[in-house]
Amino acid sequence: MPRVIERFLWILRRIVGAPDYQAYLDHCRRAGHPPHLDEKAYIREFFDAKGGRTRCC
Amino acid sequence: MRRIASIVIWAVISALGALAFATLAWSRGETVNAAWLLIAAVCTYAVGYRFYSKFIVTRVFALDPTRATPAERLENGRDFVPTGKWVLFGHHFAAIAGAGPLVGPVLAAQFGFLPGTLWLVIGVVLGGAVQDLTILCCSLRRNGKSLGQMAKEEISPAAGLTAMLAVLFIMIILIAVLALIVVNALKASPWGLFTIACTIPIALLMGWWMRSWRPGRVGEASLAGGFLLLLALVGGGWVSRHAGPAALFTFSGPALTALIVAYGFFASVLPVWMLLLPRDYLSTFLKIATIFALAVAILILLPPLRMPAMTPFAALGEGPVFAGKFFPFVFITIACGAISGFHALVSSGTTPKMLRREPDARLIGYGGMLMESFVGVMAMIAACTLHPGVYFAMNTSPAALQQAAPVLQSAGYVVSPDTMAALAAEVGEKTLIGRAGGAPALAVGMTQIFSGVTHAFGGHTLAALWYHFAIMFEALFILTTIDAGTRVGRFMLQELLGHVWPRMGQTSWYPSVILSSVAIVAGWGYFLYQGILDPLGGINSLWPLFGIANQMLAIVALAVATTIIIKMNRARYAWVTLAPLAWLVAVTMTAGFEKMFSADPRLGFLAHAASLAGSTDPQAGRLIFNDHVNLVATLVFTSVVLLLLAISVKEWVLVLSRRKAAMVSEVPYVATSYAAGD
């Protein structure tokens, strides 16, 4: 996929608040610890947290 | 040289904005082009953003690009994630923009296009965007704490509890009024109901796709969901044209109320990934795409406004859509789009946890709200492109239409039944008369705009498809707010009950989940049901109640922000939040007082109840009871907010008179690790 489309889709995913496991792995790498969550567990936790948030009227 | 160029550019923008306002204000009797509304709005936003928001972030909060944000200090790859400002702008906008900025301006159009537009444009620059920005800045310096937590820590524990109760009450009224809009749009509309009913299996499929089949693939699932949604939209047309299937999807208001209450309950107790989140993703994509398409279509067509600048109802206060004069009612009818207390929950929720740099708060907090106001202006344009006769026939119950008939006739705001029947047939509905709530009128306005574009490019007008697309678009994200609101309300109730019995505070303990969900659903279901039975259409009593409640939450937010500004030893700038706070206190207290005690039975709850005393109408007893419930609800809102205001004022006096130390609970400075320009 061309880089520009990949970038556009990434931006769209971030705008709608889609889970980004790669961002979590990047964070773990930067923080110097192994990931505590596998992808499925990460997504489950992400969805649960997102479901408890307020949407405006 | 650059300074001179800047002065010239801003002088030209200001002059253009002033010219647009003058054109709108002086138009009397002749048709005005929507372009003037857009120019006035955009120029005001530009000046407000360039000068006022800069003043707030540099002088009042002194946002510091070298200071690490919570997203950087507490990064965990989940909720604390440093995010680029344009991405976060989109994310924040998607969270704050719902049905409010679309429906409020449509209802306020009964006063003409001018009062509502002025409030949208001036209110956002001096009030709404200020509230969103200041709460974002306050939360940003407190590790992303919520409004309630900030009220508790910066004012007092009593203030925190009061804020939490205010949010809970407002949530209940908000959900009821949004559900009423959906019910009014879908009753006796097999096409609309079929399309919306299809979103439930589509959401279940998407949920399974994103969680189990292709974990995390939100884009793929949403694409598939969007495709199925379009199929459902086209299928709805087939359903409505065939008597058998159409009868299956034709429901009365009370029957739809029962369905939507049951739906709200299940959405609250089922796991979020099953129903709530897929619908949320689908509606977010649809919302962004449709708002963008509407903006482009309006810019292409620049339609003329057929509604006058001011209607007689602005001064008379006997409007058939809702009763009351433009002061204070235009200011509570349009909340989202001008100033909405609900935004304070988002500005102190996810957004402060994602800001990469402190100065980005300006674009996201202030700029995001300006964008929402722009959506409100587009809704106002869509409503005002309708013939006033069509607008009033659609937004008024038969009883209210009869009462307002003399004024409507003398102003020339009448259309023949044949015209309405032809319009209904064009959009594939049985009738458009008495479709109160704002959503159908907005859908017809959007249909005319979208049809105009498709027609201009040589295609069919596709009016029926556009109308039901607009209804689906509105209903979809209203249902998302109902899902999420019921769930968040349930969490809040569980937290409150947890103080009495800790087991009830466990959000995963099913008896507590079911009990608190039933309580929340019963709360908004009651208000919804009374709205459906109201002979004046429900919107007349419920929308003002919602507006008052929402603006009162803004008072809570602005009181918290003022306290923090004073405690930061910047009391000389406290007018930034005090001015909108004082305005909202005047507006909400006047509106609240009028709704409770006005002698006009169409306006005051007590007067309405008194007018029904001795009536032989079998519904009279129930209507009198509803009036008393609405009276108590308004009284509770007013008391809760006045209490919080009194606690805040006491705190300000103590700090300003130096009887209490000006201590703020900001997190200490930590230098950012990002390089300049990174």
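In helix 1 of chain A, the buried residues are A:Arg14, A:Ile15 and A:Val16, a residue being buried if 20 or more other C-beta atoms, placed from the backbone, lie within 10 Å of its own. The model is predicted, so that local features need a pLDDT of at least 70 and side-chain atom pairs count only at pLDDT 80 or more, while totals for chains, interfaces and linings use all residues. Residues are numbered from 1 along each chain as its sequence is written, and chains are lettered from A and ligands numbered from 1 in the order in which they are written. Helices are DSSP runs (H or I, at least four residues), numbered from the N terminus. The model scores ipTM 0.86 and pTM 0.92; chain B averages a pLDDT (the predictor's confidence in each residue, from 0 to 100) of 91, with 99% of the residues scoring at least 70.

Helix 1 of chain A, with 14 residues, reaches 20 Å from its first C-alpha to its last, close to the 20 Å expected at 1.5 Å a residue, where the expected span is 1.5 Å times one less than the number of residues. The cover of its buried residues includes helix 4 (85-96), helix 10 (218-241) and helix 13 (276-301) of chain B. Just after this helix, A:Gly17 takes a positive phi of about 75°.

The contact between the chains takes 30 residues from chain A and 45 residues from chain B, two residues being in contact if their C-beta atoms lie within 7 Å. On the side of chain A that touches chain B, helix 1 (3-16), helix 2 (21-31) and helix 3 (39-51) of chain A each supply at least two residues, and helix 3 gives the most, with ten residues.

Within chain B, helix 25 (residues 575-597) has 23 residues and reaches 32 Å from its first C-alpha to its last, close to the 33 Å expected. Its buried residues, among them B:Leu581, B:Leu584 and B:Lys595, pack against helices of chain B including helix 15 (326-333) and helix 24 (539-567). The axes of helix 15 and helix 24 of chain B come within 8 Å and cross at roughly 75°, which makes helix 15 of chain B roughly perpendicular to helix 24 of chain B (angles of 65 to 115 degrees count as such). Helix 15 of chain B contributes B:Phe329, B:Ile332 and B:Thr333 to this contact, and helix 24 of chain B contributes B:Trp543, B:Pro544, B:Gly547, B:Ile548 and B:Gln551.

How values were computed: A residue is buried if 20 or more other C-beta atoms lie within 10 Å of its own, exposed if 12 or fewer, and partly exposed in between; C-beta atoms are placed from the backbone. Axes are lines fitted to C-alpha atoms, for helices over the stretch in contact, and angles run from 0 to 180 degrees between N-to-C directions. Angles under 35 degrees count as roughly parallel, over 145 as roughly antiparallel, 65 to 115 as roughly perpendicular and the rest as oblique.
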